[in-house]
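Reader: Could you walk me through this model before I set anything up with it? I would like to begin with the domains and then move on to the chain contacts.

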Amino acid sequence: MTNNATPAERLLAQADLLRQALPGDFRDTLVQTLYHEAESMAEKAVQQGGRKRWDWDSTVDRLLTSPIFGLPLMLAILSLIFWLTIAGANVPSAMLAEGFFWVEAQGVALFTSLGIPWWITGFLWDGVFRGLGWVISVMLPPMAIFFPLFTFLEDLGYLPRVAFNMDWLFKKAGAHGKQSLTMAMGFGCNAAGIIATRVIDSPRERLIAILTNNFVPCNGRFPTLIMLATVFVAASFPPALTSVIAAGSVVTVVVIGIIFTLVISGVLSRTVLRGEASAFSLELPPFRRPNLRQILYTSLIDRTIFVLWRAIQTAAPAGAAIWLLANIYVGDTSLAWHVANALQPLGNLVGLDGVILLAYIIAIPANEIVVPTMMMMYLGVGMMTDMPAYSEMHTMLVGQYGWTTLTAVNLMLFSLLHNPCATTIMTMWKETRSLKWTTLGALGPLVIAFAVTFLVAVVARAFGLG
Amino acid sequence: MTEDCATCPANASLAQMGVDVSNFDYLIALAGNPNTGKSTVFNALTGLRQHTGNWPGKTVTRAEGGYQFQNKRYKLVDLPGTYSLLSASQDEEIARNFILFGQPDCTVVVNDATCLERNLNLVLQVLEITDRAVVVVNLMDEARRKDIAVDVRALARELGVPVVAAAARSGEGLGDILAAVRDVVTGQASVQPKRVQAHPALESAIRDLLPLIEQAAPGLPNPRWVALRLLDGDLRIRQALLSGELSEIAARQRQAVRGFSRKIALQGAQ
C-alpha cells in the first residue's frame, strides 16, 4: 500500500486483508443463518390447516403450462381476444366514422355559408378534423375492448404462465426467459416493454430484449392490422366468417412477430451479443381474482385514453400537413403526389406503393396514424369528401389504386416489422445510453421490413400473384 | 379503498393526497418481495392508481404519492419488488438503493401470507439495516382460502417490530398499517428488531472497517451493510466505492427524496 492511496483504496485493501482472516465459509454461514432464522420464525407463526379442498388453481395451472397444451391454449386465448375485439369493434367504428363525417359535412356547410375562404375550411375540416375523426373511429372501439381483456389477463396472473411456456424457446435463442414477459408487455406498448426489460439482470440479454421488442405489434399498430385483416384478407370470404378470418390473420401476424423476435434474438446472441442464456427462477404467482374497477380504470383511463390522446396529438398536425401537401400544387401535381411518385418505384419493389411509404414517413411520431394518413392521402387527392365505410374502402383501394392481396399482406408485414415509433426510439436511448444500439434498434427493423416485404413480393409475383 | 373503509373509524383521519407530496413530515418506503401487493397498498393509501398486475416485476421504477394521517403528512414511495438486498438486476437495485441510502423514516415490508418463510428473508435483511420498520402480512384473504393461518402477534414477538395482517385489495388492515407506521415514526412503538448474530470474527472485521468507510464515503448511511458487502467481495460495491459513485448514490437518494417530485409521482420515472 502506498502513501498516496485514496481512502477508498485503503478501505478495499483492508477489506481484502480481513477477508483472508475470516473462515472460508463465512458467506454460506451468513446466508444459512438468515434462511434458518426465517424458517424457524415461519414455523412458529404459520399454521397450515389440514382442510384439503379440490385445488382448482393447480389443475388449471397444469393445463395452462403443460408442454402439450400450453402453447396451443395460449394461441386460442389470443385468438379469442382478437375475435372479440374485431367482432365487437366493427359496428361502433362504422357508427363513429359516420358521426364524424356528418359533423364534418355540417362544419363545411356552415363555413361555406359564412363565406369563409375555401382553404381555411379545407385545412380545418378536411385536414385537421378528418385526421382526428379517423383516428378516433378507427382506434377507440378496438382499444376499448382489447385493453380491458388484456388487463384482465394481466391481473389474473396469466402473463408469467406465458413466460413459462415460452421460456425454452428463448433459451434456445440464447436469450433470457424473462424476455417473454417484456415481449408480452410490448403488445401493450413497445416503449413500456423496453422499460420492463429492467427485470433482466444480464446486460447482454437485456440488450437483446430491447432490440427485439419492436417485433411484437403494439396497441398503436393493432388497429392497422385489424383494419387490413378485416378489409382485405377477410373480404374474400363469406360475411359470416369475416371476423373469424380477420382474427386468424391478426394472430398469424402476431405469431410471425414472435418468430422474428426469436430468430433475431438468436442471430444477435450468436453474433454481436454472443453468450450463454443465464438461468433464472420465475415465480408463478397464484391466480388472483382481478378487481373490476381497477381493470376498467387501468385499461380505459390509463391505456385507452393515453394511447388515443397521443394519437390525437399527432393526428391533428399530421392531418393538417397532409392537407397542405395535397393542396399545394407544383405544376399540375400536388406536393403529396410528387413525393408519393418519387417513392413509387421503391414502394412497388416491396409490393407496396408510394403513398403507403409516405404515410409511414409522416407517421414516425406515432404508428397509430399510418392508416388514417394513408386514407387521407388517397381521399384528399381523389376528390372524395366522405369517409367511406369499410366495404367502400375496399372497392376504392382495389379499383382506383390497384391494391391487391399482396399489398394488404405486405402492409401488415411492414407494419409488424418496420422501425419503432419516436417514443420507443427515445426509450431505447434512455435505457441503453448508447447511440450505437439505439441506431441498430431503430434501423435494423426497417431493413428487415424492407427485406421481408421484398422477398414476399418477389415470391408472390413469381407465382403470378399481386 | 372501498367506500366502507373510507368511513370506518380507523380511517376517519386518513386523507389521500395523490401526487401531492409537498412538505411531508415523514418519508415511508414500501418494500417487499415481487408480487406481494405493494402497489395495491400504495394505491389504497394515496388514492393514486398505479398499475397493478399479477406478475413479479410489474413495478420496475419507483412511484411516489402522499397521504395525510392525523394531521401529519406522509410521503410514500412504492419500490420495485426484491427478494433480497444482495441482488443485482436494475429494478432490484432501485429498491435496494432507496432502502439503504434513502433514509426513510419507516420501511414498510409487504409480505405474501401464503409464502411467508421466503418473504421473511427480506424482512430479516431489512431489519439488519434499520429498526424503523413495519411488517405487513398481506394477502390474508388468499391465505384463508388456502387454509393458512398466520399468528401476527407471535411474528411481532419474534421480529421485534410491529406486524400487521392485511388484505389490501379489500381494504382490510389498512387502518392498522397507518397506526403502526405512525407509532414507528413517532417512536411510540418499541422496536427491538431481531438481528441475526454474525460470526464473532466477522463482527470484529466489520468493526475494523467502519472508520475506513467513514473516511472513504463520509456520511454514508448503513456503513455496516457496506462493510459486509466488501468482506463478501462484492465487485459492484467495490467499483461504486472507487469511482465515488456510492457517495453519489447516497447523496442523490436524499436529494431526490427531499424535492417535490411530481414527475416521479406521475410517470414512475426515476
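**Domains and contacts**

Author: The domain assignment of chain B, whose bounds come from an automatic or database assignment, gives domain 1 (3-194) and domain 2 (200-256). This is a predicted model, in which local features need pLDDT of at least 70 and side-chain atom pairs count only at pLDDT 80 or more, while totals for chains, interfaces and linings use all residues. Residues are numbered from 1 along each chain as its sequence is written, and chains are lettered from A and ligands numbered from 1 in the order in which they are written.

Reader: How many residues of domain 1 of chain B are in contact with domain 2?

Author: There are 9 residues of domain 1 in contact with 8 residues of domain 2 of chain B, where contact requires C-beta atoms, placed from the backbone, to lie within 7 Å. On the domain 1 side, the elements giving two or more residues are α3 (90-101) and α4 (116-129) of chain B, and α3(B) gives the most, with 4 residues. Helices (H or I, at least four residues) and strands (E, at least two) are DSSP runs, numbered from the N terminus.

Reader: Switching topic, which element gives the largest share of the side of chain A that touches chain B?

Author: In the contact between 52 residues of chain A and 50 residues of chain B, the largest share of the chain A side, 14 residues, comes from α2(A).

Reader: What span should α2(A) have, at 1.5 Å a residue?

Author: Its 20 residues should span 28 Å, and the end C-alpha atoms are 29 Å apart, which agrees; the expected span is 1.5 Å times one less than the number of residues.

Reader: And which residues of α2(A) are buried?

Author: They are Glu37(A), Ala38(A), Met41(A) and Ala45(A), with buried meaning 20 or more other C-beta atoms within 10 Å of the residue's own, exposed 12 or fewer, and partly exposed in between, all C-beta atoms being placed from the backbone. Seen down the axis of α2(A), the buried residues fall within an arc of 95 degrees, so they line one face of the helix; the arc is that of the directions from the helix axis to the C-beta atoms.

Reader: What do the buried residues of α2(A) pack against?

Author: They pack against β1 of chain A together with α4, β7 and α6 (152-159) of chain B. The face of α2(A) turned away from the buried side carries the exposed residues Asp28(A), Gln32(A), His36(A) and Glu43(A).

Reader: In which sense do β1(A) and β7 of chain B pair?

Author: β1(A) and strand β7 (residues 148-150) of chain B pair in the antiparallel sense over 3 bridges, pairing being assigned if DSSP finds at least two bridges between two strands. Gln48(A) stands opposite Ile148(B) in β7(B).

Note on methods: Two residues are in contact if their C-beta atoms, placed from the backbone, lie within 7 Å.
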